[in-house]
Amino acid sequence: MSTSLLGFGCGGVGGLMVRGAVADQERAIARALEAGINYFDTAVQYGNGASEQNLGNALRRLKAKDVLVGTKVRLRSDEFGNIAAAVTASLEGSLRRLQRDQADIFYLHNEVTLHGGGENLSVSQVLEEVVPAFQALQAAGKLRLPGWTAVGETEALHRIVDAGFFGAAQVIYNMLNPSAGAALPAGYPAQDYGRLLDRMREAGMGAVGIRVLAGGALSGSTQRHPVASPPPEPMGSGRSYEDDLSRAARLMPLVEEGFAASLPEAAIRFVISHPAMGTVLVGMASVEEFETALEAVLKGPLPREALQRVAELTAGFPGEGH
């Protein structure tokens, strides 16, 4: 069973599954199931377990059978002394809240750097300690597909891909930072992920697109829904959310020239234009925001002329601060 092209993001930025009303949560999930969405993405960090609990309750009440659920473990540095036990305890807690026997995808959610330090894991910690812990849980039937969130130092991320264990990765990819899918010009104000998507595809690793709207900066508006989080820290893009907002505003010609009906539509269709992209996650605050994302995905990838226009509009970004 493969994941739907649009996934249902249950994170804290959109906030619906953390702070939304139960009736709205259920209505959005019911609508997603009706539309053929089968992948729901959560984590214990989203509302300190609230997202998992709310998702598990809604799926049970809706008697949702053929759905895939992904959740995550983020290890604290004080757990680095016994990574296997911490990973196991995290997954068992998640499964209790989700009311499931197995996670369809279970992701490592720490940043990975070459040498670790602080709350970051080193490449060797991932390969020598996290991977065996995941293998044991997989053998016990507690997880189906091992995954990880590809954040951290680019060289470290490439080494994890090349090691070949993980079956899926969440990848930062959007119009403000397309470097996971294309070469960036020198001086571009974003982390260069070094065409990570191409490397993953060669390794047979599935790709889940995250930060598709750059935490809301590509929504086309400075307004945030009452259940959404405050503007989050940028991931892989500008120095500040304000920088991301101002660059996003320079992409509005895509709408004015008729390539898309709105900036969020352009942003989502840009991400699904990459051939390696298996699923895109869009966090949402309301059923209406889900409908907007669904409509964008149903329109399909951006045409080549629109992708060329994105390249032209972002050509002025290099040299600006990062």
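Analyst: Strands S1 and S2 pair in the parallel sense over two bridges, and within this pairing Phe8 stands opposite Phe40 in S2. The model examined here is a predicted one. Strand S1 comprises residues 6-9. Leu6 and Phe8 point one way from this strand, Gly7 and Gly9 point the other way, and all of them are buried. S1 also pairs with strand S10 (residues 277-283), again in the parallel sense, over four bridges. In that pairing, Leu6 stands opposite Val280 in S10.

These pairings belong to a wider arrangement. Eight strands close into a barrel in the order S1-S2-S3-S4-S7-S8-S9-S10, with parallel pairing. On average, and ignoring direction, neighbouring strands of this sheet are turned by 30 degrees against each other. Helix H5 packs on the sheet and touches S3, strand S4 (103-108) and S7. The direction of H5 makes about 155 degrees with that of S7.

Strand S8 is mostly covered, since five of its five residues are buried. Both faces of S8 are covered: Ala168, Gln170 and Ile172 are buried on one side, and Ala169 and Val171 are buried on the other.

Helix H6 (residues 154-163) may be considered next. Its buried residues are Thr154, Ala156, Leu157, His158, Ile160 and Val161. What covers them includes strand S5 (112-113), helix H5 (123-139), strand S7 (143-149) and helix H7 (196-202). After H6 comes Gly164, whose phi is positive, near 80 degrees.

A search of the whole structure finds eight aromatic pairs. In one of them, the rings of Phe134 and Phe166 have their centres 5.9 Å apart and their planes at 85 degrees, so the pair is edge-to-face. Phe134 lies in helix H5, whereas Phe166 lies in the loop between H6 and strand S8 (168-172), so the pair ties together parts that are 32 residues apart in sequence. Both Phe134 and Phe166 are buried.

Two arginine residues complete the account. The charged end of Arg247 sits over the ring of Phe317, 5.9 Å from its centre. Arg269 is placed in helix H10 (residues 263-271). Its relative accessibility is 9%, and therefore Arg269 counts as buried, the cut-off being under 20%. A polar atom of the side chain of Arg269 lies 3.4 Å from the backbone oxygen of Pro301. Not counting residues up to four places away in sequence, Arg269 touches Phe259, Ala296, Lys299, Gly300, Pro301, Leu302 and Pro303.

Conventions. Residues are numbered from 1 along each chain as its sequence is written. This is a predicted model: local features need pLDDT of at least 70, side-chain atom pairs count only at pLDDT 80 or more; totals for chains, interfaces and linings use all residues. Side-chain values use heavy atoms; hydrogens and water are left out. Buried means under 20% relative accessible area, exposed over 50%, partly exposed in between (1.4 Å probe, protein chains only). Contact means heavy atoms within 4.5 Å. Two strands pair if DSSP finds at least two bridges between them. Axes are lines fitted to C-alpha atoms, for helices over the stretch in contact, and angles run from 0 to 180 degrees between N-to-C directions. Rings of Phe, Tyr and Trp (its six-membered ring) pair if their centres lie within 6.5 Å; planes under 30 degrees apart count as stacked, over 60 as edge-to-face and the rest as tilted. A charge sits over a ring if NZ of Lys or CZ of Arg is within 6 Å of the ring centre and within 35 degrees of the ring normal. A polar contact is a pair of N or O atoms within 3.5 Å; within protein, one must be able to donate a hydrogen and the other to accept it, and residues adjacent in sequence count only if both atoms are side-chain atoms.
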